[in-house]
Each structure stands twice: as structure tokens, then as C-alpha cells.
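Please keep the sequence and the coordinates at hand while reading.

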Amino acid sequence: MTNESNETTESNKPTTGYIPTLAQVDELHRKIAQSQAAYDLIHGHCVVVADIARRMARRQNALFTRRCTLPTDVPEKTGDFGLELTKDNTGEESLGMLHMPAVPSTEGLTGGTVPPRLIDEHLVVIGGLLHDIGTYFLLKQDGSDGEPLKFDGPHYVQHGLKGYEYLLNEGVDESIAQFARNHTGVGLTRETVESQGLPLPPADYVPMNLEQEVVMVADKYNSKSIPPKFLTAEAYTRKAARFGESNKREWLRLLERYGVLDVKPLAAQYHMRIAE
């Protein structure tokens, strides 16, 4: 739930740290990775999310540059896709579009609406590569003894904040560190933190700009389960629904904004299974 006033504030905020290069991103991961297994899982997930986020940002930018050539009533401008979860005669669920988009699918993405501005693809990639770096701090078993990795489930929700604090301590700019802080779920609000008794300081942990929102959405398509896997948009819709109807509606809204990703080619590319 990107706040436009917050976005303006953040864009005007002076830079106080550095924007990592790709080599520095890798150094930041390796500095705290307790084992090769931990690095492979967490850094590997970040690579996948950065790839998805880049695709999403590129489609958004393509829609933005084509906005003047699109008819005024097309779904890309009106946002009227009407996504709904349907079942076929075998009981298999899929997301159906009541109104088909005019712009053909690109890089596996179908749909999406014209964004209010161009999205910084470079920041999206760097943010995607670092968004889950705090997960190293939430490993109950870190692989250093050769045993399988295991997450600290009860405290796992803290990984975003832990990553944010780590990046700031390393001198990384606030604009990048926030990718770690603000990507959990479809945006954790202060109300959610308090009502669910989450082990976090009461605050809003939601994207502050479009770049952070893109990474948050991209993250939902890939899981750091052991072994890691891709999730279809339908699979995450069902997962989102377990946290309440409003959570599900927010995910569907994000799908309408950024389009629905076909994860099958990516699963083949990265040699991972798919959770339908």
C-alpha cells in the first residue's frame, strides 16, 4: 500500500549512505552467511526475486511509455481487470480476468496497469538482492555443522527489521535498507503488528515507494522453503486468504496493478518445483 506523500518525502531525502554495487551486495551476504548452504538458500532466493522484480518493473515502464497510444478504456488504464479465483471441472483453481488486457504478455507477465511514473529498475534489482538479507539472523540451524537449515519460526517475522538494521550498520543508504524492512507479506501495518501480537516494535512496515512495492510483490512468487520453490499467483492468493479476507483483497489489488506472472519458465530456469 504505497503512500504517495511518503514517496515524495523519501525521494527528497538526502543520501546518507552508499548504494551497493553488485559486488558489494555479494560481500554483504557473504559477510554474515554462516555456511555455504545458508548463502545458497538466502542469496539464491534474493537473486530470483531480483529477476522477477526487474521483469515487473520493465513491464510497468513499458506500459508507462505506451500510455499515450493506449485507448482510454483499456484495462491497463482503467485497472478494470476484475481478477477472480475460479475452479475448472477438475477442481483446479486459477485466476481469471473478466477483461483481457490489450497489451500482450511480456517476460511472463500478463495484465498490469499504467504506473504514475517510471520505476527505477536499478534500485529494484539492488533492493531485490538485499531484501531478505536479515534471514541469516533467523536461522535456528545455520548449516555450519552440516545439518539441514532450519528457520526460527516464532521470530521469523523479524527478518525484515534485522536486515534493515544490518544494512544501516554497514553504511548502506536508507533508501536501500528499506527494501528489507518493508517487504513482509503484502505490507505489515502497525494495526496488524499490534492485533496479532507480532514480535516487532509497533510501526508500519509497508512499502514507501513503487520500487519497494515491486520487490514486495516479486517476493511472493518464490519461497525459501527447503528446498526452495515457486508459487503461482493462485497459490499465494490462497496463502494470503489464511491471514484474512482483507489480506487476500490487497494481494488481488497488487496483481491487478503489476500483472500476473507465469512462473513455469522461471521454475525451469532455476530448477525449482512449483507450488500450485
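The points below are grouped by topic.

This is a predicted model, in which local features need pLDDT of at least 70 and side-chain atom pairs count only at pLDDT 80 or more, while totals for chains, interfaces and linings use all residues. Residues are numbered from 1 along each chain as its sequence is written, and side-chain values use heavy atoms, with hydrogens and water left out. The protein holds 12 helices and 9 strands; these are DSSP runs numbered from the N terminus, with H or I over at least four residues for helices and E over at least two for strands.

- The mean pLDDT of the protein is 90, and 88% of its residues reach 70 or more; pLDDT is the predictor's confidence in each residue, from 0 to 100.
- Over residues 8–12 pLDDT stays under 50, and the model has 2 contacts beyond four places in sequence for this stretch. A contact means heavy atoms within 4.5 Å.
- Where pLDDT is low, the predicted coordinates should not be read in detail.
- Of the 276 residues in the protein, 49% are buried. Buried means under 20% relative accessible area, exposed means over 50%, and partly exposed lies in between (1.4 Å probe, protein chains only).
- Among contacts between residues at least 6 apart in sequence, 73% join residues at least 24 apart.

**The largest pocket**

- The largest pocket contains about 980 Å³ of space. On a 1 Å grid over the protein atoms alone, a pocket is an open set of points with protein on both sides within 12 Å along at least five of seven lines, whereas a cavity is a set of points where a 1.4 Å probe fits but cannot get out; lining residues have an atom within 4 Å of a point.
- Grid points are joined across faces, edges and corners, and a volume is the space filled by probe spheres set on the points.
- In total, 32 residues line the largest pocket, and Thr184, Gly185, Tyr236, Lys239 and Phe243 lie nearest its centre.
- Strand 6 (222–223), strand 7 (229–231), helix 10 (233–241) and helix 11 (245–258) are the elements that give two or more residues to this lining. The largest share, 3 residues, comes from helix 11.
- By class, the lining of the largest pocket has 10 nonpolar, 15 polar and 7 charged residues. Ala, Val, Leu, Ile, Met, Phe, Trp, Tyr, Cys and Pro count as nonpolar, Asp, Glu, Lys and Arg as charged, and the others, Gly among them, as polar.

**The cavity**

- The structure holds 1 cavity of 30 Å³ or more, and the largest cavity has about 30 Å³ of space.
- Val157, Gly160, Leu161, Arg181, Thr184, Leu200 and Tyr205 line the largest cavity, giving by class 4 nonpolar, 2 polar and 1 charged residues.

**A sheet and its cis peptide bond**

- An open sheet of 3 strands has the order 6-7-9 with mixed pairing; two strands pair if DSSP finds at least two bridges between them.
- Strand 6 and strand 9 (273–275) are the edge strands, each pairing on one side only.
- Strand 6 and strand 7 run antiparallel and are joined by 2 bridges; Ser223 has Lys229 in strand 7 as its bridge partner.
- Pro227 lies in the loop between strand 6 and strand 7, and a cis peptide bond with omega of about 0° joins Ile226 and Pro227.

**Individual residues**

- Thr113 lies in the loop between strand 3 (109–110) and helix 5 (121–130), and Thr113 counts as buried because its relative accessibility is 13%.
- Beyond four places in sequence, the residues that Thr113 touches include Gln60, Leu63, Pro75, Glu256 and Arg257.
- Arg190 is in helix 8 (residues 190–195) and counts as partly exposed, at 41% relative accessibility.
- Not counting residues up to four places away in sequence, Arg190 touches Pro202, Ala203 and Asp204. The C-alpha atoms of Arg190 and Pro201, 11 residues apart along the chain, are separated by 8.7 Å.

**Positive phi values**

- Most residues other than glycine have a negative phi, and most peptide bonds are trans.
- Glu107, in the loop between strand 2 (93–96) and strand 3, has a positive phi near 50°. Glu107 is partly exposed, with a relative accessible area of 34%.
- His271, in the loop between helix 12 (264–270) and strand 9, has a positive phi near 55°. His271 is exposed, with a relative accessible area of 73%.
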